[in-house]
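Subject: Structure handover

Hello,

Here is the structure you asked about, with the sequence. My notes follow below it.

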Amino acid sequence: MADRNRATLLELLNKPGNNVCADCKSPDPEWVSVNLGAFLCPECAGCHRNLGTHISRVRSIKLDNWEDDQVQAVAELGNEVVNQKYEQFLPAYYKRPTKDDPELLRSEFVKAKYSRQEFIYPDRQTAYCSGIKEGYLYKRGRDDKGFKKRRFCLTRKLNGHSLLYFIKEKDTAPKCEIDLDSVNVVFAKDKIGVNPNGLQITYFVNGQTRSLFVYADDPKEIVDWYYAIRAAKFEWRRIAHPQQDETELAEGLTTDFTLEGWLQKMGPRKTDGFKKRWFTLDNRKLMYSEDPLSPFPKGEVYIGHSDGGYGVTMGARDVRSSMVYVFTLNTPERDFILSADTREDMDQWINAFKEIQTTEPTSQDLRLLRMLNNNS
Ligand SMILES: [Zn+2]
């Protein structure tokens, strides 16, 4: 009996929609929410467990025993039926969590979907859907490096949206007004040591990329800010490009960094030594700074197509060094001699550069090149 039930469940995995996780769409789900009828990956199943059994009761297809009526109930539902209900008003600017996203994005998605049922009842999306938001976040100081509570506002202007923050509670003039057009926002993951609910907000100011680091005590609050910024950018794009469909408009609203990590970088002269720098590859923009939380990078480099004089090779010509995993990034202006701690790290960086250098730049990429050139 148990074997027959398990065989039925394994067969159900072949039904369209059930071959991927109902929530994050990663392949080969091994868990099932018995009452919801959703097939889930282990990570999302973990989030379901945290919702409480009154909302979702998860069981393993392989490890648990299944009763006939449980299998019958799941057979009648399945991921397509579940998502038709629980994602019927999933906003286009929403980002479905993937394996590379931090835990809080996944757990908040699962809570929003099943606990708060925000995608069944759109009026429950008010915390972020309008692209207008006000609240308090802890912001890292540019100079003093401590985190201080600041009032942030996301507002609509005539020609777009702005993100503002104020130093004092009652200040009417913001300390800073950021045009949302150049803003990117990513989760800071474990970069802000004191709190995992952090965001890194980057934008262009005077030809340089500024990084703001903020966090909130409540994970929902920081995820709401993330979606409020995406919603605001989405709304502005919709006005600017009315002919585009929602999928096109939602593309690249925010971009996760391609790669981040410590590398050793040699100074411009071959007699210079190596210095440890934090590198961030944001699509075609490579930034390096002294610290992962630096407000401004020490350098920013555009990575173009190999036809334009960009390249990457293992090793470095005419360089004597005890470093093992050395590689050279070529740009028309300068060669960057870099060294990774491990072979794996080096391969990751080389592959990331190669991929970019064999991809045709878009008009947005060329705009970035102009912005960076204006600075140098
Ligand atoms: Zn999943």
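Gln 357 is a buried residue, because its relative accessibility is 4% and the cut-off for buried is under 20%. Keep in mind that this is a predicted model. In the secondary structure, Gln 357 belongs to helix H8, which runs over residues 343-357. What does Gln 357 touch, leaving aside residues up to four places away in sequence? Its contacts are Ile 303, Gly 304, His 305, Ser 306, Tyr 310, Gly 311, Val 312, Leu 329 and Asn 330.

Zinc site

The zinc ion has four cysteine donors from the protein: the SG atoms of Cys 21, Cys 24, Cys 41 and Cys 44, lying 2.3 Å from the ion. Along the chain, these donors are spaced as C-x2-C-x16-C-x2-C. Why is the arrangement tetrahedral? The angles that the four donor atoms subtend around the zinc ion run from 104 to 115 degrees, and four donors count as tetrahedral if all angles lie between 85 and 135 degrees. Two of the donor residues have accessibility values in my notes. Cys 41 is buried, with a relative accessible area of 2%, and Cys 44 is buried too, at 0%.

The loop between H1 and E1

Lys 25 sits in the loop that joins helix H1 (2-12) to strand E1 (31-33). Its phi is positive, about 65 degrees, although Lys 25 is not a glycine. With a relative accessible area of 38%, Lys 25 is partly exposed. Asp 28 is found in the loop between H1 and E1 as well. Asp 28 also has a positive phi without being a glycine, with a value near 55 degrees. Is Asp 28 buried or exposed? Asp 28 is exposed, because its relative accessible area is 60% and the cut-off for exposed is over 50%.

Domains and their contact

The protein divides into domain 1 (2-123), domain 2 (126-250) and domain 3 (259-375). The contact between domain 1 and domain 2 involves 13 residues of domain 1 and 18 residues of domain 2.

UniProt annotations

The UniProt entry, which is unreviewed, places "domain: Arf-GAP" at residues 6-127. In the model, that span is 39% helix and 7% strand, and its end C-alpha atoms lie 42 Å apart. An unreviewed UniProt annotation, "domain: PH", covers residues 130-234 and 256-358. Residues 130-234 are 15% helix and 48% strand, with 10 Å between the end C-alpha atoms. Residues 256-358 are 15% helix and 41% strand, and here the end C-alpha atoms lie 20 Å apart.

Regards

Note on methods. Residues are numbered from 1 along each chain as its sequence is written. This is a predicted model: local features need pLDDT of at least 70, side-chain atom pairs count only at pLDDT 80 or more; totals for chains, interfaces and linings use all residues. Side-chain values use heavy atoms; hydrogens and water are left out. Donors are N, O and S atoms within 2.8 Å of the metal (3.2 Å for Na, K and Ca); water is not among the atoms, so sites may look incomplete. Four donors count as tetrahedral if all angles lie between 85 and 135 degrees; four count as square planar and six as octahedral if opposite donors are over 155 degrees apart and all others between 65 and 115; anything else is irregular. Buried means under 20% relative accessible area, exposed over 50%, partly exposed in between (1.4 Å probe, protein chains only). UniProt positions are given in the numbering used here, feature names are shortened, and annotations may be inferred rather than shown by experiment. Helices (H or I, at least four residues) and strands (E, at least two) are DSSP runs, numbered from the N terminus. Domain bounds come from an automatic or database domain assignment. Contact means heavy atoms within 4.5 Å.
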